[in-house]
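Please keep the sequence and the structure in view while working through them.

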Amino acid sequence: MPKARSRRSKKIKFHGNRFTRESVQECSSASASKLKDSSLICEEVLESKSEELTGNRIFDLQTLISVFSVLCCPSCFSSELKLTEDSRFGLCSNFSLRCTNCSFIEGFCSSPKVKKSSNINKFFILGLRLAGRGYTAGKKLCSTLSLPFLSKSSFRHQEKAILECVEMCSQENMIRAAEEVRRLKVVPSNKIYSCGVSVDGTWQRRGYSSLNGCTTIISIDTGKVLDAEIMSHYCRTCKTNDNVRYKNKENHECFNYVGSSGNMEPVGVYRMFERSKRLRKLQYSQYYGDGDSKGFEEVKNIYGNNSVEKLSALGTYRKGSDHVYENCKRTKRVLVEKESSPTNSSTNCRITMELQFEAMLGTW
């Protein structure tokens, strides 16, 4: 008798249970889900509109004039308001809203002012200087965007104002960094604390022909900048102005360095070490450098005979060993140590390059 076939039961479709029935009923169709998504989007738009608008925007003047032209005058309720520009200083403009039907007039400024100086001009010049650009780059940018720009003399005046603020803030931050180093060892305020610092210098341009250079000192304990010395042997004011009366003007800061560009680093290091006790109440007893001994030779006896110890940076040796190792591998040169065998005349060769470098890197 043949075996009876086993019938496969039909697959039962899932229509939800007591845990999922509510969510299924809410989005039972595609149109319902679309309507729900659109309502969520509308709620998000309303929330975003309710937020307060801040910051700066760029408007086309024709767009702004067309918007004011459809508004009503608060005095005579006529839609004959006219926007005019009374004065302009750089990116900041003074506007006035007038009504041609009555005597209503209201003035406003396109940017807030602090001590009769607009913020937008200062922020724009600060952004240019942070990006490493100056007057010419800013003028090109504004001319491309059809924006007004400051004159060269006004630009230089704003630069000096920003420079004073930056110098004041940087000095305060470096003084706080020095106090933080002293708090680590709980040193009394009337005593000098010895600490280790990392010293390095840089130039505005590569090579030894740069007109400007900078040397900085960074704390080994906190990793913050303790002092900085900026040097230049070029004065733009004296170079561009041949008037003797202008050269002898008071508060004129001329170049602060005379010599070659390569000697800027040791001179800057000496200046910072010399004022460390007076301004920072610190004694830089450990000198971490990048292998260049020019700066160390200038300050090794500044606090006394051999009062500063030179310690080379770990990353310098690591970087140098990696560089030599990669060069040896690239050029396929192998250092071979030959050892003569006492038993026979053959020589036993041993490849030692990779073992030596692996041992060096492992100990560092």
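1. The secondary structure of the protein comprises 13 helices and 12 strands. The model is a predicted one. Of its 364 residues, 23% count as buried. The protein exposes about 27,100 Å², and carbon and sulfur atoms supply 53% of that area. Among contacts with a separation of 6 or more, 46% are between residues 24 or more positions apart.

2. One part to examine is an open sheet of 3 strands, arranged in the order β1-β2-β3 with antiparallel pairing. Strands β1 (81–89) and β3 (105–109) stand at the edges and have a single partner strand each, so one side of each is left without a neighbour in the sheet. Neighbouring strands of this sheet are turned by 20 degrees against each other on average, direction ignored. Strands of a sheet pair through backbone hydrogen bonds, either parallel or antiparallel. Here, β1 and β2 (residues 92–99) pair in the antiparallel sense over 8 bridges. Residue T84 stands opposite S96 in β2.

3. Which residues are linked in a network of salt bridges? They are D227, E229, R271, R275 and R280. Side chains of opposite charge can pair when their charged atoms come close. In the protein, the count of salt bridges comes to 9.

4. E229 lies in strand β8 and R271 in helix α9 (residues 264–274), so the pair ties together parts that are 42 residues apart in sequence. E229 is buried because its relative accessible area is 9%, under the 20% cut-off. R271, at 25%, is partly exposed.

5. The salt bridge between the side chains of R156 and E159 has an N to O distance of 3.1 Å. These residues are 3 positions apart in helix α6, which means that about one helical turn separates them. R156 counts as partly exposed at 24% relative accessibility, whereas E159 counts as buried at 15%.

6. L145 is located in the loop between α5 (135–144) and α6 (152–184). With 47% relative accessibility, L145 counts as partly exposed.

7. Most residues other than glycine have a negative phi. S146, in the loop between α5 and α6, has a positive phi near 60 degrees and is not a glycine. S146 is exposed, with a relative accessible area of 66%. N306, in the loop between α11 (294–299) and β10 (309–312), has a positive phi of about 55 degrees although it is not a glycine. N306 counts as exposed because its relative accessibility is 56%, over the 50% cut-off.

Methods
Residues are numbered from 1 along each chain as its sequence is written. This is a predicted model: local features need pLDDT of at least 70, side-chain atom pairs count only at pLDDT 80 or more; totals for chains, interfaces and linings use all residues. Side-chain values use heavy atoms; hydrogens and water are left out. Two strands pair if DSSP finds at least two bridges between them. Helices (H or I, at least four residues) and strands (E, at least two) are DSSP runs, numbered from the N terminus. Axes are lines fitted to C-alpha atoms, for helices over the stretch in contact, and angles run from 0 to 180 degrees between N-to-C directions. Buried means under 20% relative accessible area, exposed over 50%, partly exposed in between (1.4 Å probe, protein chains only). Contact means heavy atoms within 4.5 Å. Accessible areas come from the Shrake-Rupley method with a 1.4 Å probe; for residues, only the protein chains shown count as cover. A salt bridge is a side-chain nitrogen of Lys or Arg within 4 Å of a carboxyl oxygen of Asp or Glu.
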